[in-house]
Amino acid sequence: MSKGRAEAAAGAPAILLKYLQEQNRPYSAQDVFGNLQREHGLGKTAVVKALEQLAQQGKIKEKMYGKQKIYFADQAQFDAVSDADLQGLDAQIVALTTKVQSLQQSCRHMEAGRPGALTTPEMQKEIQELREECAGYRERLENIRAATNHVTPQEKEQVYKEREKYCKEWRKRKRMATELSDAILEGYPKSKKQFFEEVGIETDEDHNVKLPDP
């Protein structure tokens, strides 16, 4: 191995880690090699070894898709995205795609000689900008959907069921305690506050806690 190739191989892990974090999308070793070989002079063997090293160190993630291994940035370092954000991105993609189609139609009309349309350079520039914007949203959406740290609908439903269960039990026990204390207070000579202080009862209100609505 030449000195230059050896130096490139030694710096491969840092180069690949930065690349995967900046792109934030899944790649095979062949994809990474093809994208970076010309710029950094990395050999395929060096790329494969560097990716495996980063995965073993926990700096990136790897998954098997059939017989091919895919590498991508650890999604834990990125902010979580809600279902509403995903739906918003879908809506933006649909809107941008519709606008591109409309502009392309207008461009065809203009080329056919219809008056009132934008000039060809203006139309082509706007179409290109919209295509790039739409591609950016698609890529972001794919990256989000490929992430591994999302809460599944099943997990979300389980959390809601447990919350409902504990709130129901809370409501039940509070009702029982209220009924019992009211029965005692019917023959108690002092005030309710004095009774609670003597017995050592602490209420939700004492701790500024409010039972959630059903």
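Residues are numbered from 1 along each chain as its sequence is written, and side-chain values use heavy atoms, with hydrogens and water left out. Because the model is predicted, local features need pLDDT of at least 70 and side-chain atom pairs count only at pLDDT 80 or more, while totals for chains, interfaces and linings use all residues.

**Figure 1. Overview of the helices and strands in the protein.** The protein has eight helices and three strands, where helices (H or I, at least four residues) and strands (E, at least two) are DSSP runs numbered from the N terminus. Their order from the N terminus is α-α-β-α-α-β-β-α-α-α-α. Of the 214 residues in the protein, 24% are buried (under 20% relative accessible area, with exposed over 50% and partly exposed in between; 1.4 Å probe, protein chains only). Among contacts (heavy atoms within 4.5 Å) with a separation of 6 or more, 61% are between residues 24 or more positions apart.

**Figure 2. The aromatic pair of Y19 and Y27.** Rings of Phe, Tyr and Trp (its six-membered ring) pair if their centres lie within 6.5 Å; planes under 30 degrees apart count as stacked, over 60 as edge-to-face and the rest as tilted. This rule gives one aromatic pair. The ring centres of Y19 and Y27 are 5.4 Å apart and the planes stand at 35 degrees, so the pair is tilted. Y19 is buried because its relative accessibility is 13%; Y27, at 8% relative accessible area, is buried as well.

**Figure 3. The hairpin of β2 and β3.** Strands β2 (residues 60-65) and β3 (residues 68-73) run antiparallel and are joined by six bridges; two strands pair if DSSP finds at least two bridges between them. Y65 stands opposite Q68 in β3. Two residues lie between the strands, and G66 in the turn has a positive phi of about 70 degrees.

**Figure 4. The largest pocket and its lining.** A pocket is an open set of points on a 1 Å grid over the protein atoms alone, where a 1.4 Å probe fits, with protein on both sides within 12 Å along at least five of seven lines; lining residues have an atom within 4 Å of a point. The largest pocket holds about 370 Å³ of space, a volume filled by probe spheres set on the points, which are joined across faces, edges and corners. It is lined by 16 residues, and A177, T178, F196, I201 and T203 are the closest to its centre. α7 (153-185) and α8 (192-199) are the elements that give two or more residues to this lining. The largest share, seven residues, comes from α7.
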